[in-house]
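This report describes the fold, the sheet and selected residues of the protein shown below. The overall architecture follows a short note on terms.

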Amino acid sequence: NRYGAAACTGHGEMAMRCATAHSVVLYMKMGMTLEAALLESMNDLKSLGGISAGGTNIMALDRAGNPSAATNMEGATFIYM
């Protein structure tokens, strides 16, 4: 609750290798906005070659409960309730 929350779906091997969900929350702890934290985490995946493989999604909330998501699949959307 202090910084936010994140979860990943898709290519789990890359998300685990990069500790992607943890990175999103860490970047928010460092003061980044949720959108900036998601973008930086996707850049982390890209640096390992994981983003070119496709199929990685990150869903996250900031500490105020505002949702956002990032994906490397062209045309993908996300829905929340």
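Two strands are taken to pair if DSSP finds at least two bridges between them. The model discussed here is predicted.

**Overall fold**

The secondary structure of the protein consists of three helices and three strands. Along the sequence, these elements follow the pattern β-α-α-α-β-β. The radius of gyration is 12 Å, close to the 12 Å given by the globule rule for 81 residues, so the protein is as compact as a globular protein of that length. Taken along the principal axes, the C-alpha atoms fill a box of roughly 30 × 25 × 15 Å.

Of the 81 residues, 32% count as buried. The accessible surface of the protein amounts to about 5200 Å², and carbon and sulfur atoms contribute 56% of that area. Among contacts with a separation of 6 or more, 50% come from residues 24 or more positions apart.

**The sheet and the helices that pack on it**

The three strands form an open sheet in the order β1-β2-β3, with antiparallel pairing. Its edge strands are β1 (4-10) and β3 (67-71), each of which pairs on one side only. From one strand to the next, the twist averages 15 degrees.

Strand β2 (residues 56-62) is joined to β3 by five bridges, and the two run antiparallel. Within this part of the sheet, N57 stands opposite T71 of β3.

Two helices are described in relation to the strands. Helix α2 (residues 20-29) lies across β1 and β2 and runs at about 155 degrees to β1. Helix α3 (residues 34-47) packs on the sheet, where it touches β2 and β3, and its direction makes about 155 degrees with that of β2.

Which residues does S41 contact, leaving aside its neighbours within four places in sequence? S41, which lies in helix α3, is in contact with T20, S23, V24, Y27 and I58. With a relative accessible area of 1%, S41 is buried.

T56 is placed in strand β2 and is likewise buried, with a relative accessible area of 0%. Apart from neighbours within four places in sequence, T56 is in contact with T9, H11, M42, L45, A70, T71 and N72.

**Cysteines and accessibility**

The structure holds zero disulfides. A disulfide is a covalent bond between the sulfur atoms of two cysteines. For C8, the closest cysteine sulfur is that of C18, at 9.3 Å, which is too far for a bond, because a disulfide requires the sulfur atoms to be within 2.5 Å. C18 is accordingly in no disulfide, its nearest cysteine sulfur being that of C8, 9.3 Å away.

The two cysteines fall into separate accessibility classes: C8 is partly exposed at 28%, and C18 counts as buried at 15%. The cut-off that separates them is 20% relative accessible area, under which a residue is buried. The table sets these values beside those of the two residues described above.

| Residue | Relative accessible area | Class |
|---|---|---|
| C8 | 28% | partly exposed |
| C18 | 15% | buried |
| S41 | 1% | buried |
| T56 | 0% | buried |

Terms used: Residues numbered from 1 in each chain as written. Predicted model: local features only at pLDDT ≥ 70, side-chain atom pairs only at ≥ 80, totals over all residues. Heavy atoms only, no water. Helix = DSSP H or I, 4+ residues; strand = E, 2+ residues; numbered from the N terminus. Axes fitted to C-alpha atoms, helices over the stretch in contact; angles between N-to-C directions. Contact = heavy atoms within 4.5 Å. Buried < 20%, exposed > 50% of the residue type's maximum accessible area, 1.4 Å probe, protein only. Rg over C-alpha atoms; globule rule 2.2 N^0.38 Å. Areas by Shrake-Rupley, 256 points an atom, 1.4 Å probe, with all protein chains shown as cover.
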